[in-house]
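Colleague: I am new to this one. Could you walk me through its core and its ring pairs?

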Amino acid sequence: IEKDLAEKAAAVMREVLPDARGFEDITDDYDLPSNVQAAHKADKGYVFQISYKGYISGNVMMCGVDNDGKLVKSKIITYADTYDYKDKLTMDHGGADFDTAKANVELATTATSDTGKGYNSALRAALDSYDIIVKGSASSTPEEEEPAPTPEVFDNGGFMTKTDDEARALLTKMGMPFKN
């Protein structure tokens, strides 16, 4: 079983970093982001196995990054999200930088999708891992979370502070008879 799993993992690594040879496990050699499950070096670049939370936790992808720090290809290997984006998220990035890849993911999943945001966070983790390995530290700064919007105050017409008789009168005035 372990040999079969290793062969399947090697096949996906060759898919996300085509023409690469000599995958060497370097996972334990670096302090990579916590969601990076595995890291491999090859002659053509690096492959990272990354878990991410989209709409639901439990998604895992592999991502190839070339020797110049550009995204090559990414592929989902475990998909738990309820939205059917799995096939759309196996992407050939063709040497894209993060902003280009992010825009393509947003087009494939809609910009507000938790699935797309999670997938983009995994792409960012792959590039951060490359930077840690090659440059000694991640060069990106984590994207700032947008502050939560100020909740709208629902004007219930003061019903919660009215007595039953006052609420009945107000509803009747609004043309909505009070029903017992």
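This is a predicted model: local features need pLDDT of at least 70, side-chain atom pairs count only at pLDDT 80 or more; totals for chains, interfaces and linings use all residues.

Colleague: Which residues have the most contacts inside the largest nonpolar core?

Modeller: That core has 29 residues. Those with the most contacts inside it are Phe48, Ile50, Met61, Val65, Leu89, Tyr119 and Leu123.

Colleague: Which elements give two or more residues to this core?

Modeller: Strands E2, E3, E4 and E5 do, along with helices H2 and H3. H3 gives the most, with nine residues. There is also a second, separate core of ten residues, including Val16 and Met62.

Colleague: What does Met61 touch?

Modeller: Leaving out residues up to four places away in sequence, its contacts include Phe48, Ile50, Ile76, Tyr119 and Leu123.

Colleague: Now the rings. How is a pair of aromatic rings described?

Modeller: By the distance of the centres and the angle of the planes. Here the count comes to three aromatic pairs. Take Tyr46 and Phe48: their centres are 6.2 Å apart and their planes at 15°, so the pair is stacked. Tyr46 is buried at 7% relative accessible area. Phe48 is buried too, at 0%.

Colleague: How are the rings of Tyr52 and Tyr119 arranged?

Modeller: Their centres lie 5.7 Å apart with planes at 85°, so this pair is edge-to-face. Tyr52 is in strand E3 and Tyr119 in helix H3, so the pair ties together parts 67 residues apart in sequence. Both tyrosines are buried.

Colleague: Which residues do ring pairs link into a cluster?

Modeller: Tyr46, Phe48 and Tyr130.

Definitions and conventions
Residues are numbered from 1 along each chain as its sequence is written. Side-chain values use heavy atoms; hydrogens and water are left out. A nonpolar core is a set of buried Ala, Val, Leu, Ile, Met, Phe, Trp, Tyr and Cys residues joined through side-chain atoms within 4.5 Å. Buried means under 20% relative accessible area, exposed over 50%, partly exposed in between (1.4 Å probe, protein chains only). Helices (H or I, at least four residues) and strands (E, at least two) are DSSP runs, numbered from the N terminus. Contact means heavy atoms within 4.5 Å. Rings of Phe, Tyr and Trp (its six-membered ring) pair if their centres lie within 6.5 Å; planes under 30 degrees apart count as stacked, over 60 as edge-to-face and the rest as tilted.
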